[in-house]
Amino acid sequence: MNHQGEHGTMLKVTGLQKVYRGGATEVEAVRDLTFDLAEGELVCLVGPSGCGKTTLLKCIAGLMPPTSGTVELAGRPVTAPPPDMAVVFQEYGRSLFAWMSVRANVELPLKEKKLGKARRAELVAESLEAVGLTAFADAYPWQLSGGMQQRVAIARAIAYEPQVLLMDEPFAAVDAQTRADLEDLIRAIWRRMGVTVLFVTHDIDEAVYLGERVLVLSSSPTVVQDDITVDLPAERDQLTTRQDERFTELRARVYAEIQQAKNSAKGAPENPADGAGTGAARASTAVH
Amino acid sequence: MSQPTQTGPAAPAPAGSAPAPARGARPRRPHRGGAARRAGSRALHVLLLPVVLIGVYAYASATSSSYYTPTPDLIASAFVELWFSERLFADVLPSIARLLTGFTLAALIGVSLGVLLGMSSRVRATLEPVLEFLRAIPPPVLVPLMILLAGIDDSMKILVIVSGCVWPILLNTVEGVRAVDPVLADTARCYGIGGTTRLRVLVLRSASPQIMAGLRLALALAIILMVISEMFASSSGLGFAIVQFQRSFAIPEMWAGMVLLGLIGFALSALFELAESRVLYWYRGLRAAHRGE
């Protein structure tokens, strides 16, 4: 793959394999994944349900050791959660500290980074501003709607000033309108901050709309089936981009790839580590 | 691995029915006039049954010729005479001091051991059989042993209180710590939250509803054990005083002691509820928000 452009490689995944062993049975969730993300890229990972997206993301985040293969972040191997990576999970309600205000949730990782008080206040204010939650800094997460809670999680991630932002189906559990807003928010943040983003989704429209590149995964045991460059203009808009002829073509291509992936893997065992959390699918062209 | 049987509910039932704050808005304060009226009607609700019960007892005791059921006015005058005297310092305050010391020690031991057990399955596997055995021993039977080991002074009584109160706290803490949400734990790991910060902001806080439930059970036990420990080989305290009154046929005084115990229990429970409503403010809001959905 040669997508590095003029920048260096930020995230490098080589020969990643993950096998779940439970007693006598072995389930190979991820077989052999190799791809890399250039610095400042926004890449979407899309694949059929149960293809091991969550497993892959956990391995990349350093939350789970791969069976074989390596993950490198800016040239350093990832063995534990690296300090310059932030993760936004799908389950926003379970990834925020319910006993802390919105402000405290965003500030906590910064305290652990040993940032000074003034700098922390600045970052919290900036990131809450970026997600449009300045007025809710003192509210508790459970006082907010689902979409707003996910905004808090995004604010916490960007305040952390990571080099790489991992997002694990972050909008799978919010309603369609909120989802469109959040998609635009992610594009805006990415363009402004220049952060490298790996966005995992099961929604083809979302992958094409958001990404500069779309990696299509096969069914479990998972490999990278295709690597599609999204040559849409950088300025994207929910209305015009989605009507764009090129958008439709790309969407059709990704859709065909995924259908092929599903058909070639008929009868293959479901991956137990995925699928459970991906229930709330969108009606349009979600993969099912 | 078998789960320890829970001594009580895993989480405290929401006392009162605080309305869920409007989504996306700060919680609003109710109007003053409404609050006053509500407080008045609440006071009526709280006081109605006690007044009726005292009335029934007054009637029953006045019409009875039994020496052992003095009328409420006799009990009341014995109460004032007894407890607004030097007995307050000789019996009441030492009792309360033992109770609070025992309860606090039990809380410290129960929570710290519970966190240890909750976080490590190996420690749990090693300690659980022994703990199950120790838990099965009724604390009052420890009194004779404690007298031999610790003498008949305060430390014996405190040990008896601790030995009974530690269990509900310990078991509930273990449950709470084990139930930390894995997504939240992953989130904390990703943001480099570890060590004591993890313990403070993640483990203890997310286990706090269960810990508070354990503490509430332990508080009720502490009062019982305080009285029991003072009934043996003692020279001061409420348990001692009540037994002494009973043996010397000072019946109104005996009743006054029981009334005082009830009032102490009531006051401690009210104080506990106040503390709990502060510690678990978020939890009640969270539950109300979930119910509202």
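What percentage of the 293 residues of chain B count as buried? The share is 32%, where a residue is buried if 20 or more other C-beta atoms, placed from the backbone, lie within 10 Å of its own, exposed if 12 or fewer, and partly exposed in between.

This is a predicted model, in which local features need pLDDT of at least 70, side-chain atom pairs count only at pLDDT 80 or more, and totals for chains, interfaces and linings use all residues. Residues are numbered from 1 along each chain as its sequence is written, while chains are lettered from A and ligands numbered from 1 in the order in which they are written.

View 1. Chain B has 11 helices and zero strands; helices (H or I, at least four residues) and strands (E, at least two) are DSSP runs, numbered from the N terminus. Of the contacts in chain B with a separation of 6 or more, 77% join residues 24 or more positions apart; two residues are in contact if their C-beta atoms, placed from the backbone, lie within 7 Å. The average pLDDT (the predictor's confidence in each residue, from 0 to 100) of chain B is 85, and 88% of the residues score at least 70. Over residues 1-27 of chain B, pLDDT stays under 50, and the model has 46 contacts beyond four places in sequence for them.

**View 2. Helix H4 of chain B.** H4(B) (residues 121-136) has 16 residues and reaches 22 Å from its first C-alpha to its last, close to the 22 Å expected at 1.5 Å a residue; the expected span is 1.5 Å times one less than the number of residues. At Leu127(B) the helix bends by about 45 degrees, and Pro129(B) follows within four residues. The bend is the angle between axes fitted to the seven residues ending at a residue and the seven starting there. The number of buried residues among the 16 of H4(B) is zero, so this helix lies largely in the open.

**View 3. The contact between chains A and B.** Chain A gives 24 residues to the contact and chain B gives 21 residues. Strand S6 (85-88), helix H2 (92-95) and helix H3 (102-112) of chain A each give two or more residues to the side that touches chain B. The largest share, three residues, comes from H3(A). This side of chain A divides into 18 nonpolar, three polar and three charged residues; Ala, Val, Leu, Ile, Met, Phe, Trp, Tyr, Cys and Pro count as nonpolar, Asp, Glu, Lys and Arg as charged, and the others, Gly among them, as polar. The predictor gives the complex an ipTM of 0.83 and a pTM of 0.81.

**View 4. The two domains of chain A.** Chain A is assigned domain 1 (9-84 + 165-287) and domain 2 (92-161), with bounds from an automatic or database domain assignment. Their C-alpha centres lie 25 Å apart. The contact takes nine residues from domain 1 and eight residues from domain 2. Helix H6 (residues 176-193) of chain A provides the largest share of the domain 1 side, five residues.

**View 5. Helix H1 of chain A.** Nine of the nine residues of H1(A) (residues 53-61) are buried, so this helix is largely enclosed by the rest of the structure. Among them are Lys53(A), Leu56(A) and Cys59(A). Gly62(A), with a positive phi near 80 degrees, follows H1(A).
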